[in-house]
Amino acid sequence: MSDQQVDQAKRTWLIASGCAGGVGVIATAVPFVSTFTPSERAKAAGAPVEVDVSGIKPGEKITVEWRGKPVWIVRRTPEMIASLKKTDPQVVDPNSERTAYPIPDYAKNEHRSIKPEYLVVLGICTHLGCSPSDKLQAGPQPSLPDDWQGGFLCPCHGSTFDIAGRVFKNKPAPDNLEVPPHMFLSDTKLIIGEDKKA
């Protein structure tokens, strides 16, 4: 074998082993580097959430998750909407004018929503962060007044909220349930986490 053939064989072997090593480095680096990208769950936690509200019947509530928090969507009946006038004098902040936390302009009204039919609020009590229970049915019930119009009861310390998420007077919760940014994309599609069209 000549020196030229030996040099060629060495070069071929060096190129082959270099390529194999490069493939090994890439195979090792890809999983390592991919750990730096956020998971799908992490991306979704901060991303807006689109919700189809067409399946919610009047008087029903659904819960979706946005940024790791429960968001309640209640489709109110005409009777529920009418009951808000009755609870106006009993709640701390009827038109959500307090500024303890940012409240969208479209929620600074008696029904606290874009469309009176739909309530969209965070399902977290403003007292210590418990999750209130549904007490949507009007009428006397345990731990509630006899003239109850429907709403929510926090089991931790007894704060009560009407069907617009407004806190009743003389309760531990200092503020109404928070309204997240949201908007309707159509009559049946709601997006939570955005309230301005691009």
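## Tour stop one: G139

Select G139. Leaving aside residues up to four places away in sequence, G139 touches P145, D146 and W148; contact here means heavy atoms within 4.5 Å. The model is predicted: local features need pLDDT of at least 70, side-chain atom pairs count only at pLDDT 80 or more, and totals for chains, interfaces and linings use all residues. Numbering starts from 1 along each chain as its sequence is written, and side-chain values use heavy atoms, without hydrogens and water.

Stay on G139. This glycine sits in the loop between β5 (133-135) and β6 (151-153). Helices (H or I, at least four residues) and strands (E, at least two) are DSSP runs, numbered from the N terminus. Is G139 buried or exposed? G139 counts as buried because its relative accessibility is 16%. The cut-offs are under 20% relative accessible area for buried, over 50% for exposed, and partly exposed in between (1.4 Å probe, protein chains only).

G139 and G150 are eleven residues apart in sequence, and their C-alpha atoms are 7.5 Å apart in space.

**The sheet**

Next, select β5, β6 and β7. They form an open sheet of three strands in the order β5-β6-β7, with antiparallel pairing. β5 and β7 (160-162) are the edge strands, each pairing on one side only. Neighbouring strands of this sheet are turned by 25° against each other on average, direction ignored. Axes are lines fitted to C-alpha atoms, for helices over the stretch in contact; angles run from 0 to 180 degrees between N-to-C directions.

Zoom in on β6 and β7. Three bridges join these antiparallel strands. Two strands pair if DSSP finds at least two bridges between them. Pick G151: its bridge partner in β7 is D162.

**The cores**

Select V121, F152, F161, I163 and L177. These have the most contacts inside the largest nonpolar core, which has 20 residues. Such a core is a set of buried Ala, Val, Leu, Ile, Met, Phe, Trp, Tyr and Cys residues joined through side-chain atoms within 4.5 Å. Colour β3 (69-75), α3 (78-87) and β4 (118-122): these are the elements that give two or more residues to this core. Then move to V49, V51, V71 and L122, which are among the 14 residues of a second, separate core.

**The whole chain**

Zoom out. The protein chain has three helices and nine strands. From the N terminus on, the elements run α-α-β-β-β-α-β-β-β-β-β-β. Of its 198 residues, 35% are buried.
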